[in-house]
Amino acid sequence: MGELLPPEVLEILSALLLQLQAACDSLPFPDFQQEALRLVQAKIPFDSALWAVGALGPQQEPVIFSIHLFNQPQEMLASYEQVKHADTAFMQAFSQFGTTVNISLADVAWGPDSEAMKTHAERYGMRHTLSTITRGPISELIAAIVLYRANPANAFTERERLLQQSLVPHLVMLYNRSHMQNLEALLHPELERRRRAVA
């Protein structure tokens, strides 16, 4: 990452992390991603989002375990399967783990093979995209968090890109923590009731 965050971005990040930690401790695991994205939306306005979790396969290809959609229909995923080979934002983010990529449809050079991807992005309100993919240092687990805006005139700013880039590692960590707490709750429900009462 390396960039120095402006003071106003640090202030937003600090406040948001406190809210996200509280959500992690107070919500059941199935509700955490939706609430986390809602909290992020208040600081980086977006129309829809995708949060995918997976791992790297034998050929270093992404193998996705789960996808959480925020304000997107499930049919979007079926549509995406037909055009994912031309997903410029994903390819850029996948080649730069931990770096948030800011792409607008108007700035992409669309070739004959990628016109269907452009149509898909326009149909599902993805005219502007902030895309971040992280990779676990040991586990090889990957997480992709992608924010979308539909308005052609409302591109993401550099400040918003820096905020998301700083935020995503924390989102991934809190997601993992929420997942572990959920497993502990299944094994020890009495401890989980006590923990939530304290939270």
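A residue counts as buried under 20% relative accessible area, as exposed over 50%, and as partly exposed in between (1.4 Å probe, protein chains only). The model is predicted, with local features needing pLDDT of at least 70 and side-chain atom pairs counting only at pLDDT 80 or more, while totals for chains, interfaces and linings use all residues. Residues are numbered from 1 along each chain as its sequence is written, and side-chain values use heavy atoms, with hydrogens and water left out.

**View 1. The whole protein chain.** The secondary structure comes to 7 helices and 5 strands, where helices (H or I, at least four residues) and strands (E, at least two) are DSSP runs numbered from the N terminus. Along the sequence the pattern reads α-α-β-β-α-α-β-α-β-β-α-α. Of the 199 residues, 43% count as buried. Among contacts (heavy atoms within 4.5 Å) between residues at least 6 apart in sequence, 66% join residues at least 24 apart.

**View 2. Surroundings of T100.** T100 lies in the loop between α4 and β3. T100 counts as buried because its relative accessibility is 3%. The side chains of T100 and T132 make a polar contact (2.6 Å); such a contact is a pair of N or O atoms within 3.5 Å, where within protein one must be able to donate a hydrogen and the other to accept it, and residues adjacent in sequence count only if both atoms are side-chain atoms. Not counting residues up to four places away in sequence, T100 touches L130, S131, T132, R161, Q164 and Q165.

**View 3. Surroundings of A55.** A55 is placed in strand β1. With a relative accessible area of 12%, A55 is buried. Leaving aside neighbours within four places in sequence, A55 is in contact with E61, P62, V63, F65, E140, L141 and I142. A55 and R135 are 80 residues apart along the chain, and their C-alpha atoms are separated by 8.2 Å.

**View 4. Lining of the largest pocket.** A pocket is, on a 1 Å grid over the protein atoms alone, an open set of points where a 1.4 Å probe fits, with protein on both sides within 12 Å along at least five of seven lines; lining residues have an atom within 4 Å of a point. The largest pocket is lined by 34 residues, of which L50, Y80, K84, D87 and F90 lie nearest its centre. Elements that each supply at least two lining residues include β1 (48-56), α3 (75-81) and α5 (115-123). The largest share of the lining, 5 residues, comes from β5.
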